[in-house]
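Grab the model and work through a few exercises with me. Each one has a task, followed by a solution in steps.

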Amino acid sequence: MCASLAGVRLSASGPDLAPLEEKINRILSRARGQVGLSLIHIESGATLAVRGDQRFPMASVYKLPIAIELLTLVAAGTLSLDHAVTLMSSDIRACCILSRHHPRGGVTLSAGELLELMIVDSDNTASDAVLRLVGGPPAVERRMRALGFDAININRYEGDINLEMTGVASPPPQAEWTLDLQYRLISEVTPEALRAARERYTTLDPRDTSTPDDMARLLGRLQLGNLLPPEYTALLLDLMTQARTGSRRIKAALPPDTIVAHKTGTTNVVINDAAIITLPPDSAIAGHLALTVFVINGPRMSVMERTIAEVSGAAYEFFTGRPLTGRQKAKAPARQTAARRR
């Protein structure tokens, strides 16, 4: 087995992952929905993947490449985390903190505050504001290509993705948007149009998608420190560790003191998690795991989340060399509306 962390294939001098592969295949045999995953033991380069080269919608996992572009510009002196951004009514997007507290805009935040909101709370308004600040989707995608990630596509703003995936056709220009208008447009979509839009989003549209392999490589290179200078690598990893979303996914089966730096993605038909897991120092095979699990079209959010948790738990047990005990019981997931994408 081998991994590619820097655009080249690296010989895996690490562990034989065949027993783990067998266990994960058993988990996936009873999974409902389509699952793609890629696992890299960062220190050895050993890797395991299922549908690792297949495209999946990232949902809000795409905020991670946007954050990397922002911090790259900050490190170069082109932008500052103190740069002030004023949000107007047309800038507010469904989900999460900002739409609840400032539904009509009228708030000014720093780029650093927006970065924290988009990573820790997966705030869509903050994400679109940062994406505009760095030059829009083409700028982020150019960065991904320059770094060697040919399968990570960044094409649209959160607001556009949200309306398209819920079946809204020909919305007015963004300058005319309000939060109420976005909700109204979505509420007017017919069930048939919604089903067709979800099918396009999950299986047909390559925009704003990634392969599990490329996302796992991105995580691995972030952990290795060759995407950003040390100060900004540490900042981004710290924010990812504080993430308040996805507690029932990669983190769910792990001991509560496990350090997990991750970014989730959530829609009604997409449940994703992409994480760097720090293994205990006394593990059978210590170090870090880059784990990306994308799940689409499962029957319920809880079912898709359970699959991610089981894959994560199996990987943790294999590398630590000991069974997990006292696993946390997942609570029933909060209801998601069609207008919310995290």
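**Exercise 1: ring pairs**

The count of aromatic pairs comes to two, where rings of Phe, Tyr and Trp (its six-membered ring) pair if their centres lie within 6.5 Å, with planes under 30 degrees apart called stacked, over 60 edge-to-face and the rest tilted. A word on ground rules: this is a predicted model, so local features need pLDDT of at least 70, side-chain atom pairs count only at pLDDT 80 or more, and totals for chains, interfaces and linings use all residues. Residues are numbered from 1 along each chain as its sequence is written, and side-chain values use heavy atoms, with hydrogens and water left out.

Task: classify the pair formed by Phe56 and Phe294.

Step 1. The centres of Phe56 and Phe294 are 6.0 Å apart and the planes make 50 degrees, which is a tilted pair.
Step 2. Phe56 sits in strand 5 (residues 56-57) and Phe294 in strand 11, so the pair links parts of the chain 238 residues apart, with strands (E, at least two residues) and helices (H or I, at least four) being DSSP runs numbered from the N terminus.
Step 3. Both Phe56 and Phe294 are buried, meaning under 20% relative accessible area, against over 50% for exposed and partly exposed in between (1.4 Å probe, protein chains only).

Task: why is the pair of Phe318 and Phe319 edge-to-face?

Step 1. Their ring centres are 5.1 Å apart and the planes stand at 80 degrees, so the pair gets that label.
Step 2. Phe318 counts as partly exposed because its relative accessibility is 22%, while Phe319, at 0%, is buried.

**Exercise 2: the partners of strand 3**

Task: which strands pair with strand 3 (residues 34-41)?

Step 1. Strand 11 (residues 288-296) runs antiparallel to strand 3 and is joined to it by eight bridges; pairing takes at least two DSSP bridges.
Step 2. Ser38 has Thr292 as its bridge partner in strand 11.
Step 3. Strand 4 (residues 47-50) is also antiparallel to strand 3, with four bridges, and there Leu39 is partnered by Leu48.
Step 4. Five residues lie between strands 3 and 4 in their hairpin, where Gly45 has a positive phi near 85 degrees.
Step 5. As for cover, seven of the eight residues in strand 3 are buried.

**Exercise 3: a helix contact**

Step 1. Lys63, Ile66 and Leu70 of helix 2 meet Asn124, Ser127, Val130, Leu131 and Leu133 of helix 5, with contact taken as heavy atoms within 4.5 Å.
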